[in-house]
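Subject: Structure handover

Hello,

Here is the structure you were waiting for. Please open it first, then read the notes below it.

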Amino acid sequence: MPFTIQDLQRRKQAGERVAMVTAYDYPSALLVGRAGIPMILVGDSMGMVVHGHGTTLPVTVEDIVRHTAAVVRAGTDALIVADLPFLTYSDPESAVAAARRIMQDGGAHAVKLEGGAAVAPIVRHLVAFGVPVMGHLGFTPQAQHQIGIRAQGKEASAARRMLDDALLLQEAGAFSVVLELVPAPLAAEITARLGIPTIGIGAGLGCDGQVQVWHDLLGLFESKPPRHAKPYAKVGALIEEALRSYREEVEAEAFPTAAQSVKMDEAALAEALR
Ligand code: KIV
Ligand code: NA
């Protein structure tokens, strides 16, 4: 049974937590589905972890559409949310155009966008036309050159503003809000005051759900994962080991063996060479 926005809302009411993870392609989405994770984010973090950029800013609608379509083809029951890229939702018409492509051409079930009061009218506009919107407060990576890469809401005024922003997003019709790098007590308070579910990343146990980036969760990079991430496996090391074994076996003429080779009747070859 497909996991819906209504299921997500019911989970909050029942006090049941929800796990969400990013995925950017077909094989990873298949695994997410098999693991029973009910929500996938096709995040603009793809700019960094898939395309090797230093930030999420270069990601385009085209990127999101292509990766979302691959994720959708895995045919999971997950609710698929995709990010609206940097500066694609600064006015209602642009936001509608981007959401149209991501939902119609990509097949996403909902979109996510970053920001508070300033984007509330955009959220309201999208929601009015049937686009489910997830908000994103706290550390918002698209604004990283403005706010720096750090936790948000530590000071009273910033905490107050985040609480107000969360309520504004809810009033505008957002179905959920991501809280990224938000002090745990503040995230818990926002979660308690909102009727809609919060999904935390680096925001503590008090959120209604958690989201993690695929590469961080699986330990795909050598480098130290961000503080909010817990590597549940060392997949990067495993892949490297497999690749090294492959290279060594090719160089040692140990691969392929008969099992990976096509046989031919000796007589047929002899006849061909006559
Ligand atoms: O792009 C992304 O992966 C995200 C999550 C970190 C929330 O926005
Ligand atoms: Na993102």
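A word on terms first: helices (H or I, at least four residues) and strands (E, at least two) are DSSP runs, numbered from the N terminus. This is a predicted model, in which local features need pLDDT of at least 70, side-chain atom pairs count only at pLDDT 80 or more, and totals for chains, interfaces and linings use all residues. Residues are numbered from 1 along each chain as its sequence is written, while chains are lettered from A and ligands numbered from 1 in the order in which they are written.

Domains

The bounds come from an automatic or database domain assignment. It gives domain 1 (5–233) and domain 2 (238–273). Their centres, taken over C-alpha atoms, are 46 Å apart.

Annotated sites

UniProt positions are given in the numbering used here, feature names are shortened, and annotations may be inferred rather than shown by experiment. One "binding site" annotation (unreviewed entry) in UniProt covers Asp44, Asp83 and Glu114. These residues span 71 residues in sequence, but no two of their C-alpha atoms are more than 11.1 Å apart, so they gather at one spot. UniProt also lists Asp44, Ser45, Asp83 and Lys112 under "binding site" (unreviewed entry). That set is spread over 69 residues of sequence, yet clusters in space, with a largest C-alpha distance of 12.4 Å.

Residue by residue

Two cut-offs apply here, both using C-beta atoms placed from the backbone. Buried means 20 or more other C-beta atoms within 10 Å of the residue's own, exposed means 12 or fewer, and partly exposed is in between. Contact means C-beta atoms within 7 Å. The contacts below leave out neighbours within four places in sequence.

- Asp44 sits in the loop between strand 2 (39–42) and helix 3 (46–49). It is buried, because 28 C-beta neighbours lie inside 10 Å. Its contacts are Thr56, Val59, Ile64, Asp83 and Pro85.
- Asp83 is in strand 3 (residues 79–83). It is buried, with 32 other C-beta atoms within 10 Å. Its contacts include Asp44 and Lys112.
- Lys112 belongs to strand 4. It counts as buried, with 25 C-beta neighbours inside 10 Å. Among its contacts are Asp83, His136 and Val178.
- Glu114 lies in the loop between strand 4 (110–112) and helix 6 (120–128). It is buried, with 23 C-beta neighbours inside 10 Å. It touches His136, Thr140, Gln142 and Ala143.

Ligand 1

The residues surrounding ligand 1 (C-beta atom, placed from the backbone, within 6 Å of it) include Asp44, Ser45, Asp83 and Val178.

Best regards

Methods. Two residues are in contact if their C-beta atoms, placed from the backbone, lie within 7 Å.
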